[in-house]
Amino acid sequence: MLAKHRRILVDLLGAGYSGSPPEFDYSVPAHAAYLKEFVDGLGVRDVVLFGHSLGGPVAIELAKLCGTACALWSSARPIWIPAGRAAAAIRSHSCPRRNLPGAEWMR
């Protein structure tokens, strides 16, 4: 499904091969804010977001910031966030909410 699309994988600050700036607060909104700047800098539309672990809540927050530019979002094994906050976050943005099938969507 994504074989004909550009894919960009990002390590959140403080994870993977990214840096760990001591002045960064590492909150979900802070991660989403710099990723929104990144998406805007690329000039892309119809963004598909996928988040794993902490990336799940970050993807929800980023989808809210991207608004209609977010074509789809999904997450796998997101870290726990309070149910009321998660449901409110999901309802409050305009990104279509649907789950992707298994790993075959990455081919």
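Entry 1. I note at the outset that this is a predicted model. I began with Val 47, which I found in strand E1, a strand covering residues 47-52. Leaving aside neighbours within four places in sequence, I listed its contacts as Val 39, Ala 69, Cys 70, Ala 71 and Leu 72. I also checked Val 47 against Arg 7, which lies 40 residues away along the chain, and read a C-alpha separation of 9.9 Å.

Entry 2. Next I turned to helix H1 (residues 28-42) and helix H2 (residues 55-66), whose axes come within 8 Å and cross at roughly 50°. That angle makes H1 oblique to H2, and I recorded the crossing as right-handed. On the H1 side the contact includes Val 28, Leu 35, Lys 36 and Val 39, while on the H2 side it includes Val 58, Glu 61, Leu 62 and Cys 66. Sorting the residues of this contact by type, I noted eleven nonpolar, one polar and two charged. For Cys 66 I looked up the contacts separately and, not counting residues up to four places away in sequence, found Lys 36 and Val 39.

Entry 3. Last, I looked up the largest nonpolar core, which has 13 residues, and wrote down Leu 35, Leu 49, Val 58, Leu 62, Cys 66 and Cys 70 as those touching the most other members. H1, E1 and H2 are the elements that give two or more residues to this core, and H2 supplies the largest share, five residues.

Methods
Residues are numbered from 1 along each chain as its sequence is written. This is a predicted model: local features need pLDDT of at least 70, side-chain atom pairs count only at pLDDT 80 or more; totals for chains, interfaces and linings use all residues. Side-chain values use heavy atoms; hydrogens and water are left out. Helices (H or I, at least four residues) and strands (E, at least two) are DSSP runs, numbered from the N terminus. Contact means heavy atoms within 4.5 Å. Axes are lines fitted to C-alpha atoms, for helices over the stretch in contact, and angles run from 0 to 180 degrees between N-to-C directions. Angles under 35 degrees count as roughly parallel, over 145 as roughly antiparallel, 65 to 115 as roughly perpendicular and the rest as oblique. A crossing is left-handed if the near helix is turned anticlockwise from the far one by less than a right angle, and right-handed if clockwise. Ala, Val, Leu, Ile, Met, Phe, Trp, Tyr, Cys and Pro count as nonpolar, Asp, Glu, Lys and Arg as charged, and the others, Gly among them, as polar. A nonpolar core is a set of buried Ala, Val, Leu, Ile, Met, Phe, Trp, Tyr and Cys residues joined through side-chain atoms within 4.5 Å. Buried means under 20% relative accessible area, exposed over 50%, partly exposed in between (1.4 Å probe, protein chains only).
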